[in-house]
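Let's take a friendly walk through a protein model and look at how some of its charged side chains pair up. Keep the 3D view open as you read.

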Amino acid sequence: NVDKLGRYKVIYTAKDRSGNKVVKERIIKVVEKKNIGTLQQSNEKIVYLTFDDGPSENTQKILDILDRYNVKATFFVTGENQKYNYLIQEAHKRGHTIGLHTYCHDYKTIYTSVDAYFDDLNKIGNMVKDLIGFVPRYIRFPGGSSNKVSKNYCTGLMSILTKEVIKQGYQYYDWNGDTNDASSNNVSVHEIISSATNENHQNIVILAHDTTVEALPSIISFYQKKGYSFQAINDESFYVHHHVQN
């Protein structure tokens with residue numbers, strides 16, 4: 001019943017001309033139809049600072065810097081470094097938003113098919129639920145929705161996924177500001193600061209990674225001096241969607 005929220009077991013049966021039969025079971029979730037976020041920038045000057053690929057050995061340092069500047073941020077987490085999972089709980093406890101990035105962060109695994117992507121998304125969702133008590137509805141695609149690498153494994157995949165995740169009650173977040181901290185292994189602190197402070201949108205979604213530590217105070221100070229507040233993503237937040245290229 002698509003009008004009643006809940007989990008349903010659906011059984012598919014198929015036969016070929018020789019009478020061979022295959023039975024497949026699948027769990028279908030009916031979720032509340034809720035529009036998350038907005039494409040309209042607010043009149044308020046806001047920076048949404050987002051960190052991908054954590055938790056890591058740097059997460060505690062990042063949390064302490066955010067506390068020092070009274071800033072809230074969003075962490076799109078993975079399942080790759082689970083010895084630091086307690087820091088997901090700590091970030092949530094401190095009022096930051098936890099989003100879903102990927103469980104394995106292996107492009108050739110998650111971008112093989114629609115089912116492969118959602119298998120991974122469900123894994124990271126369940127992991128986070130065990131830590132903070134619920135599955136976040138905010139996600140970031142590895143490489144962003146505009147990634148081209150998925151075309152190597154499944155043509156047209158992102159065109160499907162960008163629609164399907166919203167249909168299933170999620171919202172995905174790209175960015176309109178970038179620290180470029182992951183562009184190479186030798187990005188200097190100066191280069192990171194310069195890249196991250198090069199935007200003047202009313203609402204700025206900045207892509208950073210858990211490696212951005214030393215540059216963080218300068219980035220925060222720059223935007224605070226320009227009158228921006230820092231907010232964690234919520235159901236009413238501005239979101240950025242890139243142009244899908246696969």
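Searching the whole structure turns up eight salt bridges. Keep in mind that this is a predicted model. Why might such pairs form at all? Side chains with opposite charges can pair when their charged atoms come close.

Let's begin with Glu 25 and Lys 9, whose side chains meet in a salt bridge at 3.9 Å, N to O. This pair links distant parts of the chain: Glu 25 sits in strand 2 (residues 21–30) and Lys 9 in strand 1 (residues 6–15), 16 residues apart. Are these two buried or exposed? Glu 25 is partly exposed, with a relative accessible area of 49%, while Lys 9 counts as exposed at 54%, because exposed means over 50%.

Now find Arg 140 and Asp 52, another salt bridge, with 2.8 Å from N to O. Here the partners are 88 residues apart in the chain: Arg 140 lies in the loop between strand 6 (138–139) and helix 5 (157–167), and Asp 52 belongs to strand 3 (residues 46–54). Arg 140 has 0% relative accessibility and Asp 52 has 3%, so both count as buried, which means under 20%.

Our last stop is Arg 94, which forms a salt bridge with Asp 64, their closest N and O atoms being 3.2 Å apart. Arg 94 is in the loop between helix 2 (86–93) and strand 5 (97–102), whereas Asp 64 is in helix 1 (residues 59–68), 30 residues apart. Asp 64 is partly exposed, at 36% relative accessibility.

Key. Residues numbered from 1 in each chain as written. Predicted model: local features only at pLDDT ≥ 70, side-chain atom pairs only at ≥ 80, totals over all residues. Heavy atoms only, no water. Salt bridge = Lys/Arg side-chain N within 4 Å of Asp/Glu carboxyl O. Helix = DSSP H or I, 4+ residues; strand = E, 2+ residues; numbered from the N terminus. Buried < 20%, exposed > 50% of the residue type's maximum accessible area, 1.4 Å probe, protein only.
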